[in-house]
Amino acid sequence: MSHYKIIFAGPVGAGKTTAVTAASDIPPVRTDAAASDEVRELKPNTTVAMDYGAMKLADGSTIHLYGTPGQQRFDFMWEILTEGGIALILLIDNSRGDPLKELRFYLGAFSGFIRKTAVAIGVTHVDLAAAPSLSDYQQELDRAGFGCVPVFEVDARARRDVCLLIEAVLSVIDPVASA
Amino acid sequence: MMTAQPTLRLCHTGMDSRSLYAFEIFLSRVDSRACQITDETAADVAFIDIDNDLGRYLLEGHRLLYPGRPLIVSTQKAPLDNDPLTIPVTKPVGLAAFSAALEQARRLLPPAPVVEAPLAAADTGSLEDADSIPDEMPVEMLFNRTEPRLANADPVALLRQLEERLSTFYVGSMPDVDLDDLIARNAIYYTPDQFLQGEITRAVAHAREIHRPMRIDDASGTALYLDPQSGKALQARSTNALRALAQLPTRGTVKMSRVEPGDAVRMDTLESRPLEALEWDVALWASRGRLPRGTSLDHPVRLHSWPNLTRLAVPPEAMRIAGLWSRGGYNLRDTVSMLGIPQRYVFAFYSACHALGLVELAANPAALAAARIVSRQVVAGPAEAAPPMRGLFKRILGKLLGARLGEAAAG
Ligand SMILES: Nc1nc2c(ncn2[C@@H]2O[C@H](COP(=O)(O)OP(=O)(O)OP(=O)(O)O)[C@@H](O)[C@H]2O)c(=O)[nH]1
Ligand SMILES: [Mg+2]
């Protein structure tokens, strides 16, 4: 049976845990803990180690979905979790802070992994903040030398959105094989 | 005694070939005057077995394609949502229950003047006859078989077919043509300017100039309000009516004008949608699998940014086409052959991306080879990524497609 691993990364509250939960066929494993410090103002829980979910395919193979903790004090988990992964999904909250700066930061933090695999960007909370636009994101990607990358508006609570983003990143890895 | 009734035309989906065989035997016990198997497009009623991975999606897909059609749904599980046009029958399905479901479906049909049934005159109440057959068919067992499925009943394949049929709205049905035959090749082009698409482009450009929203009217009144400043469009027609308007050249029947204060009352009653999503749909409807006239097949396609495919209609194979183009260096001809898909899929997607300004063609074909080398260096090339991935997509497709169709149907 084959196993594939996709990693979800991005800042606190972007929706990584929510997205893994939405796409997973099994009850996800979460390591949420009550948030302390400044995160608490944002939401009651935060991921401290990882999220885990899985999409089961008919032939028994599995796509494993891993959510990373957003807080930088847990960034040692990022490298551990990307080990053996085939793609990165970066979720950015459009409604908080400076989203493009967050994008730059996470592209930088995962650049080694992205260059070996592929990345797709899900811009969340667009219902709360329409700007920056998706083309602002693409321009930032161009500037950082990543070229044309799937950038979708995503509501992390919607399975359809998350699945489309997964489909996009798989199509980038190998459009020909996905026949 | 019942009055003469037309024969119900029934199509079915979701059954593997063994269940299908059983079903046909089963149907032979139902009076042929009551119901006859027909193909999907001609059916009055559909019978859908949803007890497989993708059953629900087949159901929702069918509902999308035929919103007004009664559906008889067989399942072992609990009843479904409260859709007045959906008639659940619990498995094992017995004759009496099936006949009752047919009768219920018949009552749900609009009282349109239906084609005369061949034996209508002699009809003496077919369903009563069916009811009188003892309800002890072996079909119960047959319906519940768990033998391995035959390949041709693969639900993923069914789902793909379903997606393909749904997508004819967006990519038309034009067969591939010989791209080296200059005369045949004429068929792959259309002139956006001659369609609603062109009218919208002009109206949007004008709205930007005058900083005011614009209106598009045809003989039956206002069809659209366009406001590029807020990025919104208001649709004053049903989607079906708008598609009809967008598919044919307008031949001067459509005109634009600026929105006046008097429009406000009407506009308040309409729901807005992103202008971009309207432009995308209208381009696909006009293109019907063709390219804007003058588009070269040999110059490499450059995708500047991906269309926002979570919020736009996803035409077939859009993901793979965009995936290929984001590597850079592939022209339209190569795209068709590399992906092994119908030309119309590629051309429709190109036309829609073009309408949103997301693609352009590289200046000359010589850039092709160079661009490819660069793209290999930037992104892991197919050769490196492919081996462990091969087949993954095929397997995951059902799931992803399911999520797509499923929520499109729900929403
Ligand atoms: N309004 C809105 N809410 C969203 C959207 N996407 C996700 N959410 C909500 O945003 C919150 C995201 O929380 P999490 O999924 O815990 O975020 P996370 O990325 O796992 O955060 P950390 O684990 O702390 O790094 C949840 O409450 C979601 O319901 C969106 O598009 N719009
Ligand atoms: Mg989390």
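Predicted model: local features only at pLDDT ≥ 70, side-chain atom pairs only at ≥ 80, totals over all residues.

Begin by selecting the strands of the open sheet in chain A, where 7 strands with mixed pairing follow the order E2-E3-E4-E1-E5-E6-E7. Colour strand E2 (29–34) and strand E7 (151–153) of chain A separately, because these two stand at the edges, each with a single partner strand, and one side of each is therefore left without a neighbour in the sheet. If you look along the sheet, the twist from one strand to the next averages 20°.

Within the sheet, select strand E1 (residues 3–9) and strand E4 (residues 62–67) of chain A, which run parallel and are joined by 6 bridges. With side chains shown, A:Lys5 can be found opposite A:His64, the latter in E4(A).

Next, bring in the helices. H3(A) lies across strand E5 (87–93) and strand E6 (119–124) of chain A, and runs at about 155° to E5(A), while H5(A) lies across E5, E6 and E7 of chain A, at about 155° to E7(A).

The crossing in which H3(A) passes H5(A) is right-handed. To see the contact itself, select A:Pro99, A:Leu100, A:Leu103, A:Arg104 and A:Leu107 on H3(A), together with A:Asp136, A:Tyr137, A:Glu140 and A:Leu141 on H5(A). By residue type, this contact divides into 6 nonpolar and 3 charged residues, with no polar ones.

Which residues coordinate the magnesium ion (ligand 2)? Centre the view on the ion and you will find A:Thr17 and A:Thr47, each through its OG1 atom, at 2.0 Å. A:Thr17 belongs to helix H1 (residues 16–23) of chain A and A:Thr47 to strand E3 (residues 45–56) of chain A, so the pair ties together parts that are 30 residues apart in sequence. Are these threonines buried or exposed? A:Thr17 is buried, at a relative accessible area of 14%, and A:Thr47 is buried as well, at 5%.

Finally, switch to chain B, whose secondary structure comes to 16 helices and 14 strands. Of the 411 residues in chain B, 52% are buried. Among the contacts in chain B with a separation of 6 or more, 76% are between residues 24 or more positions apart.

Conventions:
Residues numbered from 1 in each chain as written. Chains lettered and ligands numbered in written order. Heavy atoms only, no water. Left-handed = near helix turned anticlockwise from the far one by under 90°. Helix = DSSP H or I, 4+ residues; strand = E, 2+ residues; numbered from the N terminus. Contact = heavy atoms within 4.5 Å. Nonpolar A, V, L, I, M, F, W, Y, C, P; charged D, E, K, R; others polar. Pairing = 2+ DSSP bridges. Axes fitted to C-alpha atoms, helices over the stretch in contact; angles between N-to-C directions. Donors = N, O, S within 2.8 Å, 3.2 Å for Na, K, Ca; no water. Buried < 20%, exposed > 50% of the residue type's maximum accessible area, 1.4 Å probe, protein only.
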